[in-house]
Amino acid sequence: MKRKRLSLALTGCLLLLAFLTGCGSAKDESTGSVGKGTESAPQAAAADLNMVKNQSQNSASSAEKPSSGIGAGAPPQQGSSLAGQTDAAAERKIIYKANVAMEVADYGLAHTEINNLIHLSGGYLLQFSENRTDYEQSGTLVVKVPSNGFSAFLADLEKMKPKTIQRSVQGQDVTEEFVDLEARLKSKQAEEARLLDFMGKATKSEELVAFSSQIGNVQTQIEQIKGRMRYLEQNVSFSTVEIRLYQKVVKANGGQDQQEGGFASKLSGALNGSAGVVLGFFKGLLIVLAAALPVLAVVLVIAVPAYFIYRNRQKRNKKLEERAREIRSLNKASDESSHPQGGN
């Protein structure tokens with residue numbers, strides 16, 4: 001009996017020992033697994049951070065390299081968005097301009113009709129100039145009309161039935177430039193976002209100043225790109241039409257008056273021309289005399305006294321010569337009387 005109790009006690013002790021050993025191993029395994037998970041958590045976070053940085057750098061590098069299509073830098077997994085961007089790239093952006101020259105019978109009426117067409121088309125007058133001569137009355141209008149009504153507006157001009165009409169149409173394709181501007185805009189916006197993020201993380205004042213300057217330059221470039229895009233959009237949406245409107249002016253009975261004038265008008269013209277030449281000669285002579293009058297006055301002041309002095313000297317010399325001639329004649333007569341011929 002005692003032996004049986006002892007065997008049961010030993011069996012119970014072995015079972016208790018086995019149970020305690022199993023619990024301890026399970027606890028050690030659970031504790032080890034928990035320790036391993038705790039140690040791998042920071043490594044996983046660092047790996048995730050590196051992956052995010054690599055993705056941001058890849059997206060930035062792809063944004064800085066503009067492609068020839070719209071939507072450069074878009075994620076490739078977005079198939080529907082890429083298809084929509086391809087369709088947008090297929091849409092051409094063209095700026096149209098037309099030059100029209102029209103000869104009309106009534107300038108005022110035609111000008112009014114063109115103004116009405118401008119208002120009906122939804123356009124507006126950008127510039128206007130007018131000129132009138134003895135032979136022609138003309139005006140130049142620079143008009144902006146919606147692109148979807150460009151052809152209809154030109155057709156309405158022809159419906160005015162002018163005497164003559166000349167027109168030319170030019171188109172400028174700016175699709176490539178617009179696509180390039182869109183890519184540059186996305187690149188600059190991504191650069192602005194990165195700089196703002198770096199500025200938010202900066203702690204030094206020098207870094208804040210440097211990031212602020214770079215952000216200012218990038219924002220200026222963004223505004224320039226947007227301004228150019230708005231300019232292109234405006235010119236694509238509204239086409240330009242330059243219209244030269246003119247009416248030839250013919251004087252009434254001009255040909256008949258010219259025939260009736262005939263010989264009389266030619267003779268009158270010749271006489272008027274000759275009289276004009278003679279009158280011009282005398283006018284020129286009077287102008288020359290008026291210009292030379294001060295000089296003549298000075299010359300007269302000097303020349304008149306000199307002339308009288310010269311004349312007096314001439315008279316005096318003449319008298320002296322006459323006196324000398326008389327003296328010589330008297331001397332000769334006295335010599336002849338003092339030496340008669342008979343005495344020789």
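Which residue lies over the face of phenylalanine 178, and at what distance from the ring centre?

Tutor: Lysine 93 lies over the face of phenylalanine 178, 4.6 Å from the ring centre. A charge counts as sitting over a ring if NZ of Lys or CZ of Arg is within 6 Å of the ring centre and within 35 degrees of the ring normal. This is a predicted model, in which local features need pLDDT of at least 70 and side-chain atom pairs count only at pLDDT 80 or more, while totals for chains, interfaces and linings use all residues. Residues are numbered from 1 along each chain as its sequence is written, and side-chain values use heavy atoms, with hydrogens and water left out.

Turning to ring pairs, a search of the whole structure finds four aromatic pairs. Rings of Phe, Tyr and Trp (its six-membered ring) pair if their centres lie within 6.5 Å; planes under 30 degrees apart count as stacked, over 60 as edge-to-face and the rest as tilted. One of the pairs, tyrosine 96 with phenylalanine 150, is stacked, at 5.8 Å centre to centre and 20 degrees between the planes. This pair links distant parts of the chain, 54 residues apart: tyrosine 96 belongs to strand 1 (residues 94–103) and phenylalanine 150 to helix 4 (residues 150–159). Helices (H or I, at least four residues) and strands (E, at least two) are DSSP runs, numbered from the N terminus. Tyrosine 96 counts as partly exposed because its relative accessibility is 33%, whereas phenylalanine 150, at 6%, counts as buried. Buried means under 20% relative accessible area, exposed over 50%, and partly exposed in between (1.4 Å probe, protein chains only).

Another pair comprises phenylalanine 198 and phenylalanine 211, whose ring centres are 6.2 Å apart with planes at 40 degrees, so the pair is tilted. Because phenylalanine 198 lies in helix 5 (residues 175–201) and phenylalanine 211 in helix 6 (residues 205–237), the pair ties together parts 13 residues apart in sequence. Phenylalanine 198 is partly exposed, at 42% relative accessible area, and phenylalanine 211 is buried, at 18%.

Among the strands, strand 3 (residues 136–146) is mostly covered, with nine of its 11 residues buried. Two strands pair if DSSP finds at least two bridges between them. Strand 2 (residues 124–132) runs antiparallel to strand 3 and is joined to it by eight bridges; a hairpin of three residues connects the two. Arginine 132 has glutamine 137 of strand 3 as its bridge partner. Strand 3 also pairs with strand 5 (residues 238–248) in the antiparallel sense, over 11 bridges, and glycine 139 stands opposite leucine 245 of strand 5.
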